[in-house]
Amino acid sequence: MDNHRRQSSTSSSSTTTTNNNKKTAELDPVLHSIGFEIEEVSPAQLTGRLPVTARCCQPFKVLHGGVSALVAEGLASMGAHMASGYRRVAGVSLSINHFRSAAVGDVVLARAAPIHVGRSTQVWKVKLWKEEPSAPGNKGPQISESRVTLLCNLPVPESLKNAGDALKKYAAPATTSRL
């Protein structure tokens, strides 16, 4: 019986990973190319995970700071796009503080949530943590924290009217969340 549960759990985990990979590929091909997996998608919160591999590390085999910035900008932009009613958004400022490193073999957990959603600007906070190796899914030490400021409610060009379709497909209803 335990063996059956273990196989079922592994199969379920594998299916979730496959679904998250497909979702990420549709939503953000650049994040997908570094191995990031988007999990939760809503106008109030986006979450995901990144297995740290050599592909996303700097020469000292730790997560590249630019990858942390890429994750922050990508998640905040998707969230702002949804929160603005699928209007066009553009990042205008990104600040990031790095607290700890993550090495090859670690898994990084990410969560983005809005701090301010206004008519013309939005500010999003994005936090990254190491996943606790002994308790998958649980946050360990915080790696970085970012603030991303975006212009929002920009007109969407006619040629890009369908730009938000993938987000609409995966978006959950907005819920109140705190980082």
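**The sheet and the helix across it**

Modeller: The protein has an accessible surface of about 9,600 Å², and carbon and sulfur atoms account for 52% of that. Such areas come from the Shrake-Rupley method with a 1.4 Å probe, and for residues only the protein chains shown count as cover. The model is predicted, so local features need pLDDT of at least 70 and side-chain atom pairs count only at pLDDT 80 or more, while totals for chains, interfaces and linings use all residues. Residues are numbered from 1 along each chain as its sequence is written, and side-chain values use heavy atoms, with hydrogens and water left out.

The protein has 4 helices and 6 strands, where helices (H or I, at least four residues) and strands (E, at least two) are DSSP runs numbered from the N terminus. Along the sequence the pattern reads α-α-β-β-α-β-β-β-β-α. Of the 179 residues, 40% count as buried, meaning under 20% relative accessible area; exposed is over 50%, and partly exposed lies in between (1.4 Å probe, protein chains only).

The part to look at is the sheet. Its 6 strands form an open sheet in the order β1-β2-β4-β5-β6-β3, with antiparallel pairing. The edges are taken by β1 and β3 (88-98), each with a single partner strand, so one side of each has no neighbour in the sheet. On average, neighbouring strands are turned by 20° against each other, direction ignored. Two strands pair if DSSP finds at least two bridges between them.

Now the pairs in turn. β2 and β4 are antiparallel and share 6 bridges; Leu50 stands opposite Val108 in β4. β4 is joined to β5 by 9 bridges, again antiparallel, and these two strands form a hairpin with 3 residues between them. In this pairing, Pro114 has Trp124 in β5 as its bridge partner. β5 and β6 are antiparallel over 10 bridges, and Thr121 has Leu151 in β6 as its partner.

The helix α3 lies across β1, β2, β3, β4, β5 and β6, and runs at about 145° to β3. Axes are lines fitted to C-alpha atoms, for helices over the stretch in contact, and angles run from 0 to 180 degrees between N-to-C directions. α3 has 19 residues and reaches 27 Å from first to last C-alpha, close to the 27 Å expected; the expected span is 1.5 Å times one less than the number of residues. Of its 19 residues, 14 are buried. Just after α3, Gly85 takes a positive phi of about 75°.

The largest nonpolar core has 35 residues, and Leu27, Phe36, Leu50, Leu75, Met78 and Val108 have the most contacts inside it. Such a core is a set of buried Ala, Val, Leu, Ile, Met, Phe, Trp, Tyr and Cys residues joined through side-chain atoms within 4.5 Å. At least two core residues come from each of β1, β2, α3 (65-83), β4 (107-117), β5 (121-131), β6 (139-154) and α4 (165-170). α3 gives the most, with 8 residues. In soluble globular proteins, nonpolar side chains tend to be buried together.

Ser42, in the loop between β1 (37-41) and β2 (46-51), counts as buried because its relative accessibility is 1%.

Note on methods: Contact means heavy atoms within 4.5 Å.
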